[in-house]
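User: Hi, I have a structure open and would like to talk it through. Can you take my questions one at a time?

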Amino acid sequence: MTRPPNRPPLAVRIYGALLGRLLPRKLREEFADEMTLVFADLQREAARAGGGRGVWAGFVALVRELPGLVRLTIRERRDSAATHAGIAHLDERSGIVLDSLMQDLRYAARSLRRSPGFTLVAVLTLALGVGANTAIFSVIDGVLLRPLPYLEPDRLIAVGEGTMGGSPTDMSSTSPGSFFDWRRQTNKVRLAGYSPTQGTVTGGGDPEHLSGLTAIGGLFEVLGVRPLLGRPLVESDETPAEEPVIVLGHPAWRRFYGEDSAAVGRLLTLNGTSRLIVGVMPPGFRFPDADAEFWIPARFDAGFRGNRDQYFIRTIGRLAPGATIDQARNELVAIGDGLRRDWPMYNSNLSINARPLRDTIVGDVRARLLVLMGAVAFVLLITCANLGNLLLARASVRRHEMAVRRALGAGRARVARQLLTESLVLAVAGGAAGLLAGKAFLSLLLAAQTTTNLPRAHAIALDHRVLLFTLGISLAAGIMFGMFPAWQLGRAHASEALRTGARTIAGRQWARNVLVVSQLALAMVLLSGAGLLLRSFALLQGVDPGFTGGRILTFDVALRESNFDFFPETLERIRAIPGVRSAATVSQFPITGRGVGAWFNRLDRPLPAGVTPPGEAYRVVTPEYFETIGLPLRRGRLLGTEDRRERPGVVINEALARKHYAGEEPVGREIYLGAPDNRLFERATIVGVVGDTRDAGLGSDPLPTVYIPLAVMPWWRFSSYVIRTAGPAVEVAAAARAVIREADPGLAIRNVRTLDDVLAESVAPARWSMTLLGVFAAVALVMATLGVFGVLSFVVTQRTRELGICIALGAAPGTVRRMVVGQGLRLIAAGVVLGLAGALALTRLMEGLLYGVPSTDPVTYAGVAAVLVGIAVVASYFPARRATRIDPMMALRSE
Amino acid sequence: MPARRDGGPRPLTTPVFQILLSLVDQELHGYAIIQDIARRTGGEIRLTASTLYAAVKRLLDTGWIDEPPRRPRTDRDDPRRRYYRLTALGRDAARAEALRLERLAGMARAKRLLAPLRASSTTRRQ
């Protein structure tokens, strides 16, 4: 967010505007400019002390100014009124309005000070509601609402492969051949590609392992971003004859060159290749995510540009001027039709999908966040209902006061305005407290890894957009809960309320009932949502990952070049570490993702020509992998040292057997993976079948998988070590790392974790949603309970006389108790029924977050309703008990 | 208030007294006054723009401070800033307040609430 340099910060502008409105003219002309100047100085000083959080510092400085400013205004206005009394210095109508506004404000402040208990409860309640909203809105604003940091981000789309009849949101990678076909044939959109890559930088101290990106087909031109220094990559860099170049991200530039602008033009050694640094990107630039620290041009030779069986290119596009995404989509569909015809072997099932780039970046997080935003909105509504109730109770106490004001000539509107002013003062105070609560809550949220793992989490900040939002909802809340008493009191007849002992409260009671019922209903909805998530989470935690697990340590190693001996040799040394039971490698640790895949071909049942084979996942393992992780053998045998490249044997899992060998015996059949002219191995025999694992995450179905021995794929470079230990897994971590470092000091060891860490990480997003919604639901429950308690206590107080008569006439305590509880139960029942209806309608929206429970799960609803009813009945029991203790004589005499 | 029966000076408010103190030996503009006070009090008293000018207005009205006819020359001068200086009246008022405070401190000392004044302790306080 850059500001034109000459425009003063927001807080200074606000302060200047306040001075212009509040100060009397003379004072304003004399001092306003100078005061603004001094305030700007103070604000700058505060911002410097606060480490550059300018907006926040400005807000704090502004709040600090307010008491002094209000005092100054009141004093000077009074003085100037006294000076000019008799001269009728009333040239400014705004002055009169302002005087009566100041009067209202003063009166409101005084009246709130008189009842500190009420004020405190109201401000704290509001702070809770507003704070929750502020924090969640900050997250939503950063992740969902802010525009992407590229030129005209709304014109950017993501393009990817899907299957005919499959989901239109599939965005699979494509092959170079297809990519360049698409690019040539589109007019409505300019396409570019990228592919994540890794690199080790050497030559300056310790080697450092970085994530980066290969840019294909002019990526930076499509993004439309300017570098901080030098130039971006251009498409001509992708010609193999050109000098190899690289563009660095800001963090890498700072680490390697200490922000020295002379870095551009120097050479950097990446994966052993010397590259010319041509540009440095600005600090805020991220593509596709914060991981990528460098960008290099792809260098495909003519042959590889036509490759159609290596799917690794992700595609984005910028819509041509005037073109819409629908036009681009239609064009891509037509291109897909052509490709299916021209290359049936590769594309028999192809469809090309397109959607806004932002949607693919935000992905499934949107639903998660919107559910939370809905939940905090509910919390705020409940807060408002609670405050409305508090104010109504207060209003009935102040009937007399208001009636006097009416009788003394205050118009209905004036009284209503006074009451509304009070609510707004409360709302602003609550909003300010809510801002602090929101800041605290947000820092709690950001302390959770799941929050920082959200896409675009770096853009989450409590800035002026959030401040505006907070101010807006605080005022809206103030108006909402202030409406009830203002409306009710404004309506009351002046004469009626002045009569002593007026007991007609029926008019007010229904409003309070409505508020309590809506509180209960809202709480019911929130509790149902939280209950469903809780059950999902419990089910998710109970999911059998498919292997025995236990004490397992894992970490990832990526070799810089193929080295067949590296993994077996290091494994041998790791096995020698005391406390290690067994050790193996796998190309990707289970539960952490699908990993790589290839076309699956049965040699005993070749596909007809022109049909694209199904792609299946494969994992490259050392033979000990299955025993180490505890994966059970179902048929045949496990891999052994005899399964080498010359005579490969592979193992498949049950999901693959079910899919491709239904009703057949898979063991003994022959397969190959890959395209006919580009195979991972020539042919291999299936020697065994093992159990399924949930590789794509605990909540996902097992994927059909082929396990290939590392010995069959000697060029393999990326592996996760899997080490089963006797004692706690972390104890061998240091020794295991030492083994790797000793074998090759230049290798980066990443993601050192225990199996428990991996499992916890897999359910972390579910845990996050569940915890947050659970907290909000608990708040809702507490407030609804207080609401029930408050209303019934009020009823008992108001009906003291009536209940006293009942008792005097011989009503048993049980009868009286039942009467009061019965009244409570009617409210509770109404709330629960309404809430149930609301929950059934709304929880459908969170189906994507649930695992193993339907959104209409009767057990959850019954449980939640029972909890709510139980607690609400307890809340109504106490007022009921008080009712039975009414002394009839006292009650009758009291008026 | 019994304190005023003898016709002695009314106690000054903290901002007023601090502003007078800042201007005893120098002519300053608004922001410099705030900074000077904050520095002298170790950050304990930090005036806001509104409290500063509320006091400045009163001080100008009572004639305890005024604007010097010529601006002091500083390296970073901003023509929009106004400088203020202490008048003879203001100096008297500040001195009277300081004496009042000293009298109060003396009373506290006489009751042994504060340690008795010694030469070393005053130098240390500098």
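**Chain B, helix 1 and beyond**

Analyst: Let's start with helix 1 of chain B. Its buried residues are covered by elements of chain B that include strand 1 (28–29), helix 2 (30–40), helix 3 (49–62), strand 2 (65–66), strand 3 (83–86) and helix 4 (88–110). Keep in mind that this is a predicted model.

User: How many residues of helix 1 of chain B are buried?

Analyst: Seven of its 10 residues are buried, and helix 1 (residues 14–23) of chain B is mostly covered.

User: Which ones are buried in helix 1 of chain B?

Analyst: They are B:Pro15, B:Val16, B:Gln18, B:Ile19, B:Leu20, B:Ser22 and B:Leu23.

User: At what angle do helix 1 and helix 4 of chain B pack?

Analyst: The angle is about 120°, and the axes of helix 1 and helix 4 of chain B are 10 Å apart. The two helices are therefore oblique to each other. Helix 1 of chain B passes helix 4 of chain B in a left-handed crossing.

User: Which residues make the contact of helix 1 of chain B with helix 4 of chain B?

Analyst: Helix 1 of chain B brings B:Phe17, B:Leu20 and B:Leu21. Helix 4 of chain B brings B:Gly90, B:Ala93, B:Ala94 and B:Glu97. By class, that contact has five nonpolar, one polar and one charged residues.

User: Zoom out. How many helices and strands are in chain B?

Analyst: Chain B has five helices and three strands. Along the sequence, the pattern is α-β-α-α-β-β-α-α.

User: What percentage of chain B counts as buried?

Analyst: Of the 126 residues of chain B, 25% count as buried. Now take contacts in chain B between residues at least 6 apart in sequence: 56% of them join residues at least 24 apart.

User: Over to the largest nonpolar core. Which residues touch the most other members?

Analyst: The core has 212 residues, and A:Leu520, A:Ala523, A:Leu526, A:Phe776 and A:Ala780 touch the most other members. Helix 24 (residues 755–798) of chain A gives the most to this core, with 20 residues.

User: What is A:Phe776 in contact with, leaving aside neighbours within four places in sequence?

Analyst: A:Phe776 is in contact with A:Ala132, A:Ala375, A:Val376, A:Val379 and A:Leu526. There is also a second, separate core of 54 residues, and A:Trp295 is one of its members.

User: How do helix 5 and helix 13 of chain A cross?

Analyst: The axes of helix 5 (residues 116–145) and helix 13 (residues 365–397) of chain A come within 9 Å and cross at roughly 165°. That makes helix 5 of chain A roughly antiparallel to helix 13 of chain A. The crossing is left-handed. The residues of their contact divide into 20 nonpolar, five polar and two charged.

User: Last one: why does A:Gln185 count as partly exposed?

Analyst: Because A:Gln185 has 14 C-beta neighbours inside 10 Å. A:Gln185 lies in helix 6 (residues 176–185) of chain A. A:Gln185 and A:Glu331 are 146 residues apart in sequence, yet 8.5 Å apart in space, C-alpha to C-alpha.

Methods. Residues numbered from 1 in each chain as written. Chains lettered and ligands numbered in written order. Predicted model: local features only at pLDDT ≥ 70, side-chain atom pairs only at ≥ 80, totals over all residues. Helix = DSSP H or I, 4+ residues; strand = E, 2+ residues; numbered from the N terminus. Buried ≥ 20, exposed ≤ 12 C-beta atoms within 10 Å, placed from the backbone. Core = buried A, V, L, I, M, F, W, Y, C linked by C-beta atoms within 7 Å. Contact = placed C-beta atoms within 7 Å. Axes fitted to C-alpha atoms, helices over the stretch in contact; angles between N-to-C directions. Parallel < 35°, antiparallel > 145°, perpendicular 65-115°, else oblique. Left-handed = near helix turned anticlockwise from the far one by under 90°. Nonpolar A, V, L, I, M, F, W, Y, C, P; charged D, E, K, R; others polar.
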